[in-house]
Each structure stands twice: as C-alpha cells, then as structure tokens.
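Work through these exercises with the model open beside you. Try each task before you read its solution.

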Amino acid sequence: MIITCDNCKTRYKVADDIINKPALKVRCHKCNHRFTVYKNDPADDSFLLQDEISPTDHRIITVSNQKGGVAKTTTCLNLAVSLARMGKRVLLVDFDVQANLTILLGFRKTRSFYELQSKEVADIGDVILHTKYPNLSLLPSNSKMALLKKKYLSQHNFEYILKNRLQEVEKDYDHIVIDTPPSIEFFTLNALIAAQLVVVPTTCEYLSMHGVSQISDIIKVLKGIEHDVEYKVLITMYDERKTSERVINEKIRRKYGAILCKTVIELDDKMQESHIVNLPIQYYDEESRSAVQYEALARELAG
C-alpha cells in the first residue's frame, strides 16, 4: 500500500502486513513528521517510514483519457523525448489503432504488436524500432491492431497481454511510455494494467473532466483487485486568457489537489507548428514554452 506524508507529501510503499494493524502511527523518513495512518493509534507506537518511492519507480507510464483532443499523443511523444534527452533509455509504445504516434515519428507500414502477438515475428525486439532521436525507441502500431480486440477480447486474462509482453524488455529501458486510444476498452485496459503510473491529460473543458473521472473510477477498481497503480492529472493546452478555462482550472485543482501535476502545459502555437513538420517540440524549438514545460513534466514524474 502507498501512503503519503501529511507534511512534505513524500510517498512511501508499506507492506500490507504492517499497515493492517488496527492502529499505526508513522514517522516520515524525510521530514520526521509523525502522522496517523489508521485510527486508534497508541501514543508510543510509531513505525519509521524508510522505503521512499523514487520517481524512477514510475518506469511504465500510461497516458490515457477517454476524451479525445486532450493532447494524449502529444504528451506521450514529448514526455518520452524529454526523458530521452535526460539520458534515460525510453521505449514508446503506440497502443492506439490510429497509429498517430508512429506517424509522428516518421514511420509507416511497420510491423506492430499484432504481428508479435500473432507470432508472425519471433521476438518483441524484431518489432521495436530505433528512432532518429537518441535513447528513444518505438513499438509501433498499424491498422492490423484493430484485429487484436476481436481475436483476444474473449480470452481469459486478455487485459494482461501487453503487461506480459513488456516484461520481456522492461529491463532494457529506464522508462516505457504508452499511448492509448480515446476510449475505455481492450487497448486502454491493457495499458492501465501494464502501468505503474497513469497520466491523465485534460484540457480545462467540462467533457475532458468527465474523462478524468472515468479513468479515476477504473483505477479504483484496479486497486480493488490488488493492482497497485497511481495516477496524476495533467492540465494541457491551458489558455489563461479565457475566463471559462480559469474557472474550470480552479475546479480541477479543488477536486484533484495532491494528484494534480505541478506542471501545466499551456496552449502554444509552436506545438501546432511542430506537428506540421512531424518533430517533437524539443527538436522544433527547444526554447519554446511547451518544450520547457514538457521537460519540467519529465523531471516531475520521473526525473
């Protein structure tokens, strides 16, 4: 189970057999703050928290929101590129039939997870491509991915297919970043099960917030079946000049508080220009506002 220090917000992983005690007072290893995890704590029974969760524990990051147009693929690409520029070995997984991430990286007519799962290739390494960007690889998508759902949805434990495959290469990368389609079904469930951290991008629009709530509900269900996954909400394409966006921004902050990313990705014309030339924003204009903000996000989540 993961608990958070009331004072400094440092997170810790604690074994269930310890926190299942009827009362437990704990002390933060980082700031020495004492606080109660469970009710009825005895005055002198404190447990020193030492197993601090490092950002590097977020090795597999899924970016998901069932609402389209919230910058999921943009966030996947530029978060991964930012991590790679920090010297991390990064694998991007395009788990969306639309293959937008694959196209943005300049690939077409590639093999995909479908060919791997159908045993048309022997090894996952035969599908993974090296991009032109240092430290960044891609497990691409193609149109055959649409057949995966039809072929495997009725099978037992279908939602673990991606997780099991990524275990074959997880040791080769510091981070794996997964892009998902704008829906909750076969592909998204697999990506959520595979993840240790889910980033939920949202614009400051009502329907985007609804998408965040749906992902949040699913993650609560996953926690109920002992799948330990965290999630963070990321505000994207924020335009502070608009009154409506400022109002919803405040509403999001009140609702999600501590699980809201500190970094905000603002609306930036440079980002649109980078899409036109099929370049990550860091390679189009590394001094642009959005490039700087995605680098800050990478440091915040996994630096």
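**Exercise 1. Which residues of S11 are buried on one side, and which on the other?**

Start with the ground rules. This is a predicted model, where local features need pLDDT of at least 70 and side-chain atom pairs count only at pLDDT 80 or more, while totals for chains, interfaces and linings use all residues. Residues are numbered from 1 along each chain as its sequence is written, and side-chain values use heavy atoms, with hydrogens and water left out.

Solution. 
- Step 1: Helices (H or I, at least four residues) and strands (E, at least two) are DSSP runs, numbered from the N terminus. Buried means under 20% relative accessible area, exposed over 50%, and partly exposed in between (1.4 Å probe, protein chains only).
- Step 2: read one side. Leu 197, Val 199 and Pro 201 are buried there.
- Step 3: read the other side. Val 198, Val 200 and Thr 202 are buried too.
- Step 4: conclude. Six of the six residues of S11 (residues 197-202) are buried, so the strand is largely enclosed by the rest of the structure.

**Exercise 2. How many residues of H7 are buried, and what covers them?**

Solution. 
- Step 1: count. Eight of the nine residues of H7 are buried. Among them are Phe 186, Phe 187 and Asn 190.
- Step 2: name the cover. It includes S6, H5, H6 (161-166), S10, S11 and H8 (206-224).
- Step 3: inspect the start of H7. A side-chain oxygen of Glu 185 comes within 2.9 Å of the backbone nitrogen of Phe 187.

**Exercise 3. Classify the ring pairs Phe 95 with Phe 187 and Phe 158 with Phe 186.**

Solution. 
- Step 1: set the limits. Rings of Phe, Tyr and Trp (its six-membered ring) pair if their centres lie within 6.5 Å; planes under 30 degrees apart count as stacked, over 60 as edge-to-face and the rest as tilted. The structure holds five aromatic pairs.
- Step 2: take Phe 95 and Phe 187. Their ring centres are 5.3 Å apart and the planes meet at 75°, so the pair is edge-to-face. Phe 95 sits in the loop between S7 and H3 (100-104) and Phe 187 in H7, so the pair ties together parts 92 residues apart in sequence.
- Step 3: check burial. Phe 95 is buried at 1% relative accessibility, and Phe 187 is buried at 3%.
- Step 4: take Phe 158 and Phe 186. Their centres lie 5.8 Å apart with planes at 15°, so this pair is stacked. Both residues are buried.
- Step 5: Phe 95, Phe 113, Phe 158, Phe 186 and Phe 187 form one aromatic cluster.

**Exercise 4. Is Thr 75 buried or exposed, and which side chain does its own side chain contact?**

Solution. 
- Step 1: Thr 75 lies in helix H2.
- Step 2: its relative accessible area is 0%, so Thr 75 is buried.
- Step 3: its side chain makes a polar contact with that of Tyr 294, at 2.9 Å. A polar contact is a pair of N or O atoms within 3.5 Å; within protein, one must be able to donate a hydrogen and the other to accept it, and residues adjacent in sequence count only if both atoms are side-chain atoms.
- Step 4: beyond four places in sequence, Thr 75 is in contact (heavy atoms within 4.5 Å) with residues including Val 63, Pro 201 and Leu 297.
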